[in-house]
Amino acid sequence: MKFGIALPTYPAGATVEGVVKVAQAAERLGFVSAWTTDHVIMPAEQAGPYREIFEPLMMLGYLSALTSKVQLGISVIVVPQRNGIVLAKQLATLDHLCQGRLIVGVGAGWNEREFEMLDAADRYHRRGAYLNETIRVWRHLWTTPEKPFEGEFYHLEDVAFGPLPYTEGGPAIWVGGQSLGARRRAGRYGASWHPVGISAADLAEQFGVVRDAAEKAGNPIPTAVARLPMRFSVGGGPMNANRKIQVLEGEPAQIVEGLNDYVGAGASEIICHFGSPDGDEVVDNMEKFAREVMPHFQN
């Protein structure tokens, strides 16, 4: 089992200095990946912890120059709210900035009003189809951009698109979401299935759809990598009041026991989300995790 860290790019109180501290601590402490989170604008009454949040791609570009080993990812970017061609260029550039350490977590989104405010309302009810085709057009542009591409949303003929990503074929794509469509998408297009706040039992039960979709498409079986809220205490209230999510909490021994359930369910990596916007507090939790939890999962 490997471990990543969700960077404190939100909620209110997050600072660039704190994000950098956590990303650099990840390299020092043996976390293999560090992740930004995406929202651009939210209805005030639904904003919750996303009322203040740093833009994920710009933050990754900054961190690329300040780290050297840790993989850098987005957990997850809401692709249908954006121009997919512009994203293809941004991601290819990011892959060069971090010299192949980029992982692209993608999601279809869930907040219709957010789509409306981003002038993407027409995509909301077709967001799954848009995401699927965008992944296809990324791979097209990242490998054979000189060839035509004809789809429902993209029509490309004689185009120039370069430089290609640093990683041959483009960075790995991790597919977020737990809906039936998201799990099928993960099997068809993803290197990993990346649900958030899922229980170990649900991970084991729901992964069958991912496996079946991959086998039907003739693809390698994706890995399962969950992002989990985590805290070394009990009873602190919900870490995200907007959605029902699984939280691992308690003393280190209880965290180890809970993580063993995820190992048994087939997870290959867990992205730890300690919830605080304070970089120093997150680093303190990371140090405790590295000292008292990680040794139980060393190969």
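This is a predicted model: local features need pLDDT of at least 70, side-chain atom pairs count only at pLDDT 80 or more; totals for chains, interfaces and linings use all residues.
## The cavity

Let's start with empty space. Rolling a probe the size of a water molecule over the atoms shows where it is left. Here there is one cavity of 30 Å³ or more, and the largest cavity has a volume of about 30 Å³.

Who lines it? Ala 6, Leu 7, Pro 8 and Tyr 10 do, along with His 273, Phe 274, Gly 275, Ser 276 and Val 282. Sorted by type, the lining has six nonpolar residues, three polar ones and no charged ones.

## Rings that pair up

The model has 12 aromatic pairs. One of them joins Phe 3 and Phe 297 edge-to-face, with 5.6 Å centre to centre and 75° between the planes. That pair links distant parts of the chain: Phe 3 sits in strand S1 (residues 2-6), while Phe 297 is in the segment after helix H9 (279-292), 294 residues apart. Phe 3 counts as buried because its relative accessibility is 3%, under the 20% cut-off. Phe 297, at 7%, counts as buried too. Both also belong to one aromatic cluster with Phe 31, Phe 232, Phe 274 and Phe 289.

Another pair, Tyr 130 with Tyr 154, is tilted, at 5.8 Å centre to centre and 40° between the planes. Tyr 130 lies in helix H5 (residues 127-141) and Tyr 154 in the loop between strands S5 (149-150) and S6 (155-156), so the pair ties together parts 24 residues apart in sequence. Tyr 130 is buried at 4% relative accessibility, and Tyr 154 is buried at 6%.

## Charges over rings

Some rings have a charged residue over the face. Lys 89 lies over Phe 161, 4.5 Å from the ring centre. Arg 127 lies over Tyr 124, at 4.1 Å from the ring centre.

Terms used:
Residues are numbered from 1 along each chain as its sequence is written. Side-chain values use heavy atoms; hydrogens and water are left out. On a 1 Å grid over the protein atoms alone, a cavity is a set of points where a 1.4 Å probe fits but cannot get out, and a pocket is an open set with protein on both sides within 12 Å along at least five of seven lines; lining residues have an atom within 4 Å of a point. Grid points are joined across faces, edges and corners, and a volume is the space filled by probe spheres set on the points. Ala, Val, Leu, Ile, Met, Phe, Trp, Tyr, Cys and Pro count as nonpolar, Asp, Glu, Lys and Arg as charged, and the others, Gly among them, as polar. Rings of Phe, Tyr and Trp (its six-membered ring) pair if their centres lie within 6.5 Å; planes under 30 degrees apart count as stacked, over 60 as edge-to-face and the rest as tilted. Helices (H or I, at least four residues) and strands (E, at least two) are DSSP runs, numbered from the N terminus. Buried means under 20% relative accessible area, exposed over 50%, partly exposed in between (1.4 Å probe, protein chains only). A charge sits over a ring if NZ of Lys or CZ of Arg is within 6 Å of the ring centre and within 35 degrees of the ring normal.
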